Amino acid sequence: MPRTSSVVLAAGAALLVRRAVRRRIATSPLWPMPALETPISGQGGRRVPSLRLAVAERAVPAEGVALLRLESPAGTPLPEWRPGAHLDLVLPSGLVRQYSLCGDPADRATYTVATRLIEDGRGGSREVHEELREGAELVVRGPRNRFPLTEAPSYAFVAGGIGITPVLPMLKAVEAAGAEWRLLYGGRSRATMPFLDEIEKLGGERVTVVAEDESGLPDAAAFLAGTGEGAAVYCCGPEPLMDAVAAALPEGRTLHLERFTPGASTAQLGTFEVELRRTGRTLTVPAGRSVLATVRDELPNVSYSCEQGFCGTCQQRVLEGEIDHQDELLTDAERQDSMLICVSRCLGRKLVLDL
């Protein structure tokens, strides 16, 4: 009987301890972990709806460019999207890459994306070109839109190479609406510029095509000089082209950019510390090295994918510190207490992460 009483007392004590621990966690933001039902850190970041789609058609609209039409194997309608939207493609290797939707938003049966093969890239475009054939299935996330088409009295579009993909649906939308628009489209050669014939038929003299092997680099300043007051200027392409457009933008015009790579950090040369609150370690992030790379030395299982601030896989909750945001994804609200550690850094001396 005394043994039975001891067991009952021990079970009761354990129950009281578990209840006390739950209350402690619920009331304390830092012990032993943030009081979140589903913490961001270590959970792969944003929750974006995903679909399993199949490659219904594969085409080559220009040299070095692969176009994929994706559809639901079940034939169900796909989520709606608007010009400027993109998809995250989860490739067979697990890599995640972002590609702009370049088809018809009214087509709920298929999504169309196109990508250029980057010979010296990090492998994503090569995987698309070599492995995604008709019938292949893959997971996609989205659509999402960080490059939306806004209302404006007139439009000026500047595209370089594969940067035409988000612009093409915009051209068709403004043309259908009867809006005033112009396009400057540049590329290495006409043979490498996708959708060129279609665009020239659509816009006629409103389209200025500049092939580098024929005419050199496009003159963004001369093109933008012809825009009217209040014009919305949309640009997607290589960094030098976008820099040239930003530098030449006349007053009274609004600029919208879609980047392939993250912008230059204001703190790339700074060294700072990162405290991993749950792990109990403080690490030094040197100049020229990312927070992600430094953290993975200590925690090699931390999730990541694009390493360019686009996909959100490496999103982590920040408990303390001033963040130097360099991503192209997070909302203003999300930037209050989280960061993408693949590209963003610290504006001060220390960050504290929920890791």
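A cavity, in the sense used here, is a set of grid points where a 1.4 Å probe fits but cannot get out, and a lining residue has an atom within 4 Å of such a point. The model under discussion is predicted. Its largest cavity is lined by Ser154, Tyr155, Ala156, Glu180, Arg182, Gly226, Thr227, Gly228 and Ala231. This space amounts to about 50 Å³, and the count of cavities of 30 Å³ or more comes to one.

The secondary structure comprises eight helices and 18 strands. Of the 355 residues in the chain, 43% are buried. Among contacts between residues at least 6 apart in sequence, 63% join residues at least 24 apart.

Strands β7 (154-160) and β8 (180-187) each contribute at least two residues to the lining of the largest cavity. Strand β7 gives the most, with three residues. By class, three of the lining residues are nonpolar, four are polar and two are charged. One of the lining residues is Ser154, which is placed in strand β7. The relative accessible area of serine 154 is 7%, so this residue is classed as buried. Leaving aside residues up to four places away in sequence, serine 154 touches Glu180, Ala231 and Ala232. Glu180 and Ala231 are also among the residues that line the largest cavity.

Strand β3 (residues 86-90) pairs with β4 in the antiparallel sense over five bridges. Within this pairing, aspartate 88 has glutamine 98 of β4 as its bridge partner. Five residues lie between the two strands of the hairpin, where glycine 94 takes a positive phi near 105°. Strand β4 (residues 96-100) is mostly covered, since five of its five residues are buried. Val96, Gln98 and Ser100 point one way from the strand, whereas Arg97 and Tyr99 point the other way, and all are buried.

Because its relative accessibility is 6%, cysteine 311 counts as buried. Not counting residues up to four places away in sequence, cysteine 311 touches Asp88, Val96, Gln98, Arg141, Arg144, Ser305, Cys306 and Leu329. Asp88 and Gln98, both among these contacts, are the bridge partners described above. Cysteine 311 and leucine 89 are 222 residues apart in sequence, yet 9.7 Å apart in space from C-alpha to C-alpha.

Two features of the backbone deserve attention. The peptide bond from glycine 142 to proline 143 is cis, with omega near 5°, and proline 143 lies in strand β6 (residues 137-144). Phenylalanine 195, a residue other than glycine, has a positive phi near 65°. Phenylalanine 195 occupies the loop between β8 and α4 (196-203). With a relative accessible area of 12%, phenylalanine 195 is therefore buried.

Lastly, strand β12 (residues 272-276) holds glutamate 275. When residues up to four places away in sequence are not counted, glutamate 275 touches Arg281, Thr282, Lys350, Leu351, Val352 and Leu353.

Notes. Residues are numbered from 1 along each chain as its sequence is written. This is a predicted model: local features need pLDDT of at least 70, side-chain atom pairs count only at pLDDT 80 or more; totals for chains, interfaces and linings use all residues. Side-chain values use heavy atoms; hydrogens and water are left out. On a 1 Å grid over the protein atoms alone, a cavity is a set of points where a 1.4 Å probe fits but cannot get out, and a pocket is an open set with protein on both sides within 12 Å along at least five of seven lines; lining residues have an atom within 4 Å of a point. Grid points are joined across faces, edges and corners, and a volume is the space filled by probe spheres set on the points. Helices (H or I, at least four residues) and strands (E, at least two) are DSSP runs, numbered from the N terminus. Ala, Val, Leu, Ile, Met, Phe, Trp, Tyr, Cys and Pro count as nonpolar, Asp, Glu, Lys and Arg as charged, and the others, Gly among them, as polar. Contact means heavy atoms within 4.5 Å. Buried means under 20% relative accessible area, exposed over 50%, partly exposed in between (1.4 Å probe, protein chains only). Two strands pair if DSSP finds at least two bridges between them.
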